[in-house]
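Trainee: I have a new model open and would like to talk it through with you. Could we take it one question at a time?

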Amino acid sequence: MNIRATAFGVAKLLQILAIFMLVPLLISLFDHYEGSILSALGQPTVQVS
Amino acid sequence: MREGFAIVTFGWITLTFFAAVPLYLYFNANFDGSFPVHFTNAYFEMMSGFSTTGATILTDIESMPRSILFWRALTHWLGGMGIVTLAMAIFPALGVSGYQMFKGEVPGPSADRLQPRLAETARILWSVYVLFTFSETVILWLAGMSFFDAVTHSFATMATGGFSTKNASIAAFDSDLILWTITFFMYLAGANFLVHFRMLRGNFSDWKFNAEFRFYTGIILAAIVLVTAVLYINGLQGAEEAARSYRVSSGMDSGELQLHLQSEQQKLSGLYSSFKHASFQVLAIVTTTGFATADFDLWPNILRLLLVMLMFFGGSAGSTGGGMKMIRILIIFKYAYRELRKILRPRLIQTIRVSGVSVEEKQVSNIVGFGFLFIMIFVFFSFIMTLFIPDLTTSATAVIAALGNIGPGLSGVGAIENYAWLSIPGKWVLIFAMLLGRLEIFTVLVIFRLSAWKK
């Protein structure tokens with residue numbers, strides 16, 4: 001079994017995973033800065049007291 | 001040539017590790033004392049996601065942020081059709097044996113291909129997968145789910161995973177339209193995607209001539225009829241006694257158990273309700289999705305046993321389902337029948353035929369060997385699990401729920417339970433069982449042979 005070829009294949013798979021990991025990261029950022037983003041877009045934000 | 005299997009196995013182990021890191025960081029930062037913060041928990045959750053098992057260690061799913069819930073659903077979706085298959089569709093030239101990788105990840109005894117080029121077949125599989133996921137998302141959204149829930153539940157359904165964004169799973173939505181939509185898409189997800197592709201192209205002959213598709217549909221219909229009849233006639237009579245021992249031990253007192261029983265009994269009042277929940281649970285178990293609309297652990301023992309039996313069957317080859325796969329079960333039945341006939345007529349020479357085509361003896365012995373190995377691993381892992389779980393039903397069904405990539409088992413790991421309470425070594429046993437089940441045993445075991453590493 002060729003270890004170098006195996007490592008190369010696994011690295012390719014990790015590349016794909018890294019791309020998909022961006023989606024939850026963006027969701028997390030959006031949830032964190034939702035208020036600022038919506039107000040920057042001119043949308044009303046809900047105030048919870 | 002053997003690198004294909006190594007890439008798939010090590011790829012899955014490594015991907016799961018990196019996927020678990022954000023979850024582990026979140027657990028550490030937001031620890032509320034409900035379960036021990038340990039990397040094993042994050043790894044278990046992610047292996048459960050990628051392998052489309054759907055077994056969770058989360059005790060309060062609804063308290064999780066949307067990013068974590070989406071990540072769990074996305075791991076289902078990537079693992080369902082296979083991230084290696086996706087890589088082959090996107091990067092056709094990975095530089096190693098493509099067929100081995102394809103065979104190593106796509107469920108079923110033989111990796112069928114529609115096109116001479118594997119990358120083309122991988123692209124077809126993923127196209128159908130994306131199309132069905134999109135369609136389900138739109139329908140669930142129109143049926144009343146929020147867009148976020150519609151996307152995450154479509155991911156979980158089409159991958160036959162079972163992670164929900166709600167503590168009560170699909171029961172939380174209390175909508176017949178949502179229930180039937182998910183039932184229908186679970187049925188599609190458990191069938192061969194190449195069959196779907198041919199049907200989408202207008203070739204409906206598989207309905208008539210594909211033996212596995214007919215067997216899959218026949219088993220589902222027979223199970224639904226039986227479960228509906230028993231639920232309608234018997235209801236949940238006798239469930240209280242059976243449930244008391246493990247429910248109380250899992251933190252439910254007598255009063256809570258009584259209320260729970262009443263609510264489950266109400267769910268099954270009338271023929272339509274029995275049919276509805278029977279259809280949903282049979283599909284959720286056969287396709288190895290593992291969603292729940294009812295606590296099937298309270299159902300009569302004959303049905304609990306039937307559901308456990310269906311866990312071994314699993315979906316079709318070329319689907320996203322787990323288990324042993326319908327085609328293997330069909331061929332093992334035919335093999336057993338042939339051997340029975342041979343006892344009476346020793347000179348009989350008969351090939352096993354599926355969909356009118358003879359199956360090579362080499363493939364028949366591969367399938368029988370797989371079946372034997374599957375059962376042996378189930379027995380061996382169940383023995384090991386009895387060291388960590390005192391209840392035999394819980395330990396055996398936890399193993400088949402992991403090995404078959406189903407999710408819920410019975411008793412302590414039943415439909416309304418979770419895996420948070422399980423010890424760390426016990427979780428690692430199940431993690432390995434999930435990997436073995438998803439990559440269909442041979443792909444993983446072959447790399448443990450020393451001869452595979454010799455040049």
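Trainee: Which residues in α17(B) meet residues in α18(B)?

Mentor: Happy to start there, with a word on the model: it is predicted, so to speak of local features we need pLDDT of at least 70, side-chain atom pairs count only at pLDDT 80 or more, and totals for chains, interfaces and linings use all residues. Residues are numbered from 1 along each chain as its sequence is written, while chains are lettered from A and ligands numbered from 1 in the order in which they are written. Helices (H or I, at least four residues) and strands (E, at least two) are DSSP runs numbered from the N terminus, and a contact puts two C-beta atoms, placed from the backbone, within 7 Å. On the α18(B) side are B:S395, B:A396, B:A398, B:V399, B:I400 and B:L403, and the α17(B) residues that meet them are B:I377, B:F378, B:F381, B:S382 and B:M385.

Trainee: How many residues of each class does the contact of α17(B) with α18(B) have?

Mentor: Ala, Val, Leu, Ile, Met, Phe, Trp, Tyr, Cys and Pro count as nonpolar, Asp, Glu, Lys and Arg as charged, and the others, Gly among them, as polar. By that scheme the contact has nine nonpolar, two polar and no charged residues.

Trainee: Are α17(B) and α18(B) parallel or oblique to each other?

Mentor: The axes, lines fitted to C-alpha atoms over the stretch in contact, with angles from 0 to 180 degrees between N-to-C directions, come within 8 Å and cross at roughly 130 degrees for α17 (residues 361–385) and α18 (residues 392–403) of chain B. Angles under 35 degrees count as roughly parallel, over 145 as roughly antiparallel, 65 to 115 as roughly perpendicular and the rest as oblique. That is why α17(B) and α18(B) are oblique.

Trainee: What radius of gyration does chain B have?

Mentor: The value is taken over C-alpha atoms, and the globule rule is 2.2 Å times the number of residues to the power 0.38. With 455 residues, a compact globule would come out near 23 Å, and chain B agrees with its 21 Å.

Trainee: Is B:G323 buried or exposed?

Mentor: Look in the loop between α15 (301–313) and α16 (326–344) of chain B. A residue is buried if 20 or more other C-beta atoms lie within 10 Å of its own, exposed if 12 or fewer, and partly exposed in between. B:G323 has 28 such atoms within 10 Å, so B:G323 is buried.

Trainee: What is phi of B:T52 near?

Mentor: Most residues other than glycine have a negative phi. B:T52 sits in the loop between α2 (39–50) and α3 (66–81) of chain B, and is buried with 35 other C-beta atoms within 10 Å. Its phi is a positive value in a residue other than glycine, near 60 degrees.

Trainee: Is B:D174 buried or exposed?

Mentor: B:D174 also has a positive phi, near 45 degrees, and lies in the loop between α7 (147–158) and α8 (176–189) of chain B. With 11 C-beta neighbours inside 10 Å, B:D174 counts as exposed.

Trainee: How many residues of chain B are in contact with chain A?

Mentor: Chain A has two helices and zero strands, and 12% of its 49 residues count as buried. On its side, 18 residues take part in the contact, and the number from chain B is 27.
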